[in-house]
Amino acid sequence: MRTSNKLGRPAAFDKEAALDVAMRLFWERGYEGTSMADLSQAMGIHPKRYIEVPGQYMVRALAEPTFETFIQAAFYNTVEFLGGKEYPASCFTLTGSLSCGVDTEPAKTLMLDIRLRNEAVLKGRLLKARRAGEFSKEENIDDYTRYLSSLLSGLAVQAANGSTRAQLKRTAELALRHLGIRALSEG
């Protein structure tokens, strides 16, 4: 999950100008006829901005020194992110891909690409844990990567459906126990 200063909106972003551009696109094409790609291009913003700012909760988890602390941080950081008030209670790529209609294949493809890149980063972290002797050689890394991705995405689905931070935390701790990882509340 590398970040670049060239991604996202420019430092001199003019909110009023961007809103005018969006209004004109909706006026010209209607809401259904205006895609996220159209808005992003016209307004000078990009979905990869998510990786630079809100997505940092997972970057911090990936930097943890051991397999156990990485998995703990992945779940706890996800709960804190989803349970916070600063951003919507869901995952950008999950919401983006699920809310795409048949006419929005480019947006759906972009969300799929981001998810696959995120899973590749998770897989890389699991491979690092295997090389360090912290992750079983018997475990299939591709399957485990998808499993982790599914569990973390499930928290986002629950958050979007109204689960509280406390409920998300209890769910995350149950998942950690089933993964054989000590929950932080267990000391």
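The following questions and answers go through a predicted model of one protein.

Reader: How many helices and how many strands does the protein have?
Author: Read along the sequence, the protein follows the pattern α-α-α-α-α-α-α-α-α, and of its 187 residues 34% count as buried. The count of elements is therefore 9 helices and 0 strands.

Reader: Where does Cys91 lie, and is Cys91 buried or exposed?
Author: The place of Cys91 is in the loop between helix 5 and helix 6, the latter covering residues 92–98. Buried means under 20% relative accessible area, and Cys91 has a relative accessibility of 16%, so Cys91 counts as buried.

Reader: How many of the 17 residues of helix 5 are buried?
Author: Helix 5 reaches 24 Å from its first C-alpha to its last, which is close to the 24 Å expected at 1.5 Å a residue. One of the residues in helix 5 is Asn77, which is buried with a relative accessible area of 17%. Helix 5 is largely enclosed by the rest of the structure, because the number of its residues that are buried is 14 of the 17.

Reader: Leaving aside neighbours within four places in sequence, which residues is Asn77 in contact with?
Author: Contact means heavy atoms within 4.5 Å, and neighbours within four places in sequence are left aside for Asn77. The residues that remain in contact with Asn77 are Tyr57, Arg60 and Ala61.

Reader: Is the pair of Phe67 and Tyr144 stacked, tilted or edge-to-face?
Author: This pair belongs to a structure that holds 5 aromatic pairs. Phe67 lies in helix 5 and Tyr144 in helix 8, so the pair ties together parts that are 77 residues apart in sequence. Phe67 is buried at 8% relative accessibility, and Tyr144 is buried with a relative accessible area of 8%. The ring centres of Phe67 and Tyr144 are 6.4 Å apart and the planes stand at 45°, so the pair is tilted.

Reader: What kind of pair do the rings of Tyr144 and Tyr147 form?
Author: Both residues lie in helix 8, 3 residues apart, about one turn of the helix. Tyr147 is partly exposed, with a relative accessible area of 40%, and ring pairs link Phe67, Phe135, Tyr144 and Tyr147 into a cluster. The rings of Tyr144 and Tyr147 have their centres 6.5 Å apart and their planes at 65°, so the pair is edge-to-face.

Reader: Which helices are included in what covers the buried residues of helix 9?
Author: In helix 9, the buried residues are Leu168, Ala172, Glu173, Ala175, Leu176 and Leu179. They cover an arc of only 160° around the axis, which puts them on the same side of helix 9, while the face turned away from this buried side carries the exposed residues Arg170 and His178. Leu168 and Ala172 are among the residues in contact with Leu155. What covers the buried residues of helix 9 includes helix 5 (67–83) and helix 8 (141–160).

Reader: Which residue follows helix 9?
Author: Helix 9 takes in residues 165–179 and has 15 residues. The residue that follows helix 9 has a positive phi, near 80°, and is Gly180.

Key:
Residues numbered from 1 in each chain as written. Predicted model: local features only at pLDDT ≥ 70, side-chain atom pairs only at ≥ 80, totals over all residues. Heavy atoms only, no water. Helix = DSSP H or I, 4+ residues; strand = E, 2+ residues; numbered from the N terminus. Expected span 1.5 Å × (residues − 1). Buried < 20%, exposed > 50% of the residue type's maximum accessible area, 1.4 Å probe, protein only. Arc of directions from axis to C-beta. Phe/Tyr/Trp six-rings, centres within 6.5 Å; stacked < 30°, edge-to-face > 60°.
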